[in-house]
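Good morning, and thank you for joining this group meeting. I would ask you to look at the structure with me, and I will begin with the ligand and its surroundings.

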Amino acid sequence: MIEVDNVLERDVTPQLLSAVTLAATTDKPLSAADQVARMRRGVNIVGYDPLWQDPAKARFKPRHFQIVHDGGFSSVRIALMAFRFMNEKNELPAGWFATLDGLVNEALAQKLTVIIDEHDYNACSGDVVGCRSRLMAFWRQVAEHYKDAPGKVVFEILNEPNEAINDLWNDVHAEALAIIRRTNPTRNVIIGPAFWNNVGWLDKLALPKNDRHIIITVHYYLPMTFTHQGANWTPEYANLSGNTWGTPADYAALDKDFDGVQAWAKKNDRPILLGEFGAYEMGPLGSRVKYTAAVARAAEKRGWAWAYWQFDQDFIVYDIDKDQWVEPIRRALIPDRELLS
Ligand code: BGC
């Protein structure tokens, strides 16, 4: 049975809630598997939102947390590019924490699980030494700051480690986890394989056997020729267009990849979060809908949680400018919840 984890689950008004959530200390540790069961269906938010530069320019507003909840989601993954806000001593400003506290509190008020994801993967793909000191400084400060937060707040050490950091990744995530454990002995922490959290790199991931509060994340964008067609940040796919998805062979390839992850998960007794997936807007909508639904169902069938990439900016499931869901994509993700109009 999943424990009702804190004051959040009780009958408390949202106003009162936002004052108390970060101080809630009484919840029992949640097993990694129970946490994944509660995360269930999630969405990536605010990574590229101007709110980080200027809260007054926020696209994602507090009310969007309720929209996320009412749309059928139970978790949010907050992508944080925090390095750029650190001073020369790698300290994060109080204003940055205030912004993040606001987001975390609003998410918790909607009973959403909140993943705090350090997303400076580009900075870490070249300058590993610089990345490493900033990443450790990030986790020293963030872990301390949220040490009394409810169990629904989960940490993710680093999004998509790649290139220069690949070979050092086991060492880097172990150091970060040790820092986190000093202040958060039982909080669930998300760690993924190197090479962009690639499903094929799980066997290279080394984990501390006795730490059972770890959730494993993978990202899935295969085949890239479909999901990234027309995407200018991936030059090899930028000029592609019109590629479709949905043949029996396409479904079989997806199943094969996910079966491989599932075999690893069973062997290592670790629960899985599919932390990103989706297909860029330049692909044909009909295929994007099929793909999005197929990946979400393939994850659910195996008992994984998932987080769609992403709410706003690109691959969008919500159109902030029109203030409405991109309903074909939302319905592909959440087929069993109609929107009330
Ligand atoms: C990156 C995004 C990118 C997405 C798909 C994410 O991890 O942060 O910038 O759009 O992957 O390529």
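The shell around the ligand is made up of 6 nonpolar, 3 polar and 3 charged residues. Please bear in mind throughout that this is a predicted model.

Which residues are they? Around the ligand we find Tyr48, His119, Tyr121, Asn159, Glu160, Tyr221, His228, Trp233, Glu276, Trp309, Asp314 and Phe315.

Histidine 228 places a polar side-chain atom 2.7 Å from an oxygen atom of the ligand. For tyrosine 121, a polar side-chain atom lies 3.0 Å from a ligand oxygen atom. In the case of glutamate 160, an N or O atom of the side chain is 3.4 Å from an oxygen atom of the ligand.

How much of the ligand's accessible area does the protein cover? On its own the ligand has 310 Å² of accessible area, and the protein covers 91% of that.

I come now to the space itself. The ligand takes up the largest pocket, whose volume is about 680 Å³. This pocket is lined by 30 residues, and those closest to its centre are Glu160, Trp196, Tyr221, Met224 and His228. Helix 5 (121-126), helix 8 (194-197), strand 6 (214-220) and helix 10 (235-238) are the elements that each give two or more residues to the lining. By class, the lining of the largest pocket divides into 14 nonpolar, 11 polar and 5 charged residues.

To close, I would return to Glu160 and His228: both are among the residues around the ligand, and both are among those closest to the centre of the largest pocket. Thank you.

How values were computed
Residues are numbered from 1 along each chain as its sequence is written. This is a predicted model: local features need pLDDT of at least 70, side-chain atom pairs count only at pLDDT 80 or more; totals for chains, interfaces and linings use all residues. Side-chain values use heavy atoms; hydrogens and water are left out. On a 1 Å grid over the protein atoms alone, a cavity is a set of points where a 1.4 Å probe fits but cannot get out, and a pocket is an open set with protein on both sides within 12 Å along at least five of seven lines; lining residues have an atom within 4 Å of a point. Grid points are joined across faces, edges and corners, and a volume is the space filled by probe spheres set on the points. Helices (H or I, at least four residues) and strands (E, at least two) are DSSP runs, numbered from the N terminus. Ala, Val, Leu, Ile, Met, Phe, Trp, Tyr, Cys and Pro count as nonpolar, Asp, Glu, Lys and Arg as charged, and the others, Gly among them, as polar. A residue is near a molecule or strand if one of its heavy atoms lies within 4 Å of it. A polar contact is a pair of N or O atoms within 3.5 Å; within protein, one must be able to donate a hydrogen and the other to accept it, and residues adjacent in sequence count only if both atoms are side-chain atoms. Accessible areas come from the Shrake-Rupley method with a 1.4 Å probe; for residues, only the protein chains shown count as cover. A molecule sits in a cavity or pocket if more than half of its atoms lie within 2 Å of its grid points.
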